[in-house]
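Here is a short report on one protein model. It goes from a single residue to the whole fold, then back to selected sites.

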Amino acid sequence: LENIVLYFELWILRLGGYLPNWNKCDECHRELDNKEDTSLQTNFHLLCKNCQKTRNYWLITPSHRQIFTSAQKLSPTKFVEFALQKTENVREVSNALKKIISQILGKEIKTEKFLLAAST
């Protein structure tokens, strides 16, 4: 269920025009390497290690970016299959997407209650 929630969150943001580009560094505009760790800015775009100015940041790993990209390219069924063994990374990407949605709405969203009710 968490995989579908992430898929839905991502597509809501993409169709609404709010989905950030996680393929390039927001500062130097360099294409990010598939093995490169990045940091998430307060505007939800990524910075490469060279452009990162502080040590206090939210780490976005290549695995996170792979989930982010796959959710945009795969059908819901294929994405669920792809993400089955990536539960922790799915949860972390979903948390970042929830923060974006919360910022847009101007209030915090809570899906945990929904997920708990749906799983029982």
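Where does phenylalanine 44 lie? Phenylalanine 44 lies in the loop between S1 and S2.

## Basis of the model

This is a predicted model, in which local features need pLDDT of at least 70, side-chain atom pairs count only at pLDDT 80 or more, and totals for chains, interfaces and linings use all residues. Residues are numbered from 1 along each chain as its sequence is written, and side-chain values use heavy atoms, with hydrogens and water left out.

## Overall fold

The protein has five helices and three strands. Both are DSSP runs, numbered from the N terminus: helices are H or I with at least four residues, strands are E with at least two. From the N terminus on, the order is α-β-β-β-α-α-α-α. The radius of gyration is 14 Å, close to the 14 Å that the globule rule gives for 120 residues, so the protein is as compact as a globular protein of that length. The radius is taken over C-alpha atoms, and the rule is 2.2 Å times the number of residues to the power 0.38. Along its principal axes, the C-alpha trace spans about 45 × 30 × 25 Å.

Buried residues make up 36% of the 120 residues. Buried means under 20% relative accessible area, exposed over 50%, and partly exposed in between, with a 1.4 Å probe and protein chains only. Of the contacts with a separation of 6 or more, 56% join residues 24 or more positions apart. A contact means heavy atoms within 4.5 Å.

## Surface and charge

The accessible surface comes to about 7700 Å². Carbon and sulfur atoms hold 53% of that surface. The areas come from the Shrake-Rupley method with a 1.4 Å probe; for residues, only the protein chains shown count as cover.

The protein has 17 positive and 13 negative charges, and their mean positions are 1 Å apart. Lys and Arg count as positive, Asp and Glu as negative; His and the chain ends are not counted. Each charge is placed at NZ of Lys, CZ of Arg, CG of Asp or CD of Glu.

## The sheet

Three strands form an open sheet in the order S2-S1-S3, with antiparallel pairing. Strands S2 (46-47) and S3 (58-60) stand at the edges with a single partner strand each, so one side of each is left without a neighbour in the sheet. Two strands pair if DSSP finds at least two bridges between them. S1 (residues 38-40) and S3 pair in the antiparallel sense over three bridges. Threonine 38 has isoleucine 60 in S3 as its bridge partner.

Cysteine 48 sits in the loop between S2 and S3. Its relative accessibility is 0%, so cysteine 48 counts as buried. Its C-alpha atom is separated by 4.9 Å from that of threonine 38, ten residues apart along the chain. Beyond four places in sequence, cysteine 48 is in contact with Cys25, Cys28, Arg30, Leu32 and Glu36.

Arginine 30 belongs to the loop between H1 and S1. With a relative accessible area of 32%, arginine 30 is partly exposed.

## Two positive phi angles

Most residues other than glycine have a negative phi. Histidine 29 has a positive phi of about 65 degrees although it is not a glycine. Histidine 29 is in the loop between helix H1 (2-16) and S1. Is histidine 29 buried or exposed? At 55% relative accessibility, histidine 29 counts as exposed.

Phenylalanine 44 also is not a glycine, and has a positive phi of about 70 degrees. At 11% relative accessibility, phenylalanine 44 counts as buried.

## Leucine 6 and phenylalanine 79

Leucine 6 lies in helix H1. Leucine 6 is buried, at 0% relative accessibility. Not counting residues up to four places away, leucine 6 touches Ile67, Ala71, Phe79, Val90, Val93, Ser94 and Leu97. The C-alpha atoms of leucine 6 and lysine 98 are separated by 8.9 Å, at 92 residues apart along the chain.

Phenylalanine 79 lies in helix H3 (residues 76-83). At 0% relative accessibility, phenylalanine 79 counts as buried. Among the residues that phenylalanine 79 touches are Asn3, Leu6 and Tyr7. Phenylalanine 79 and phenylalanine 44 are 23 Å apart, C-alpha to C-alpha, and 35 residues apart in sequence.
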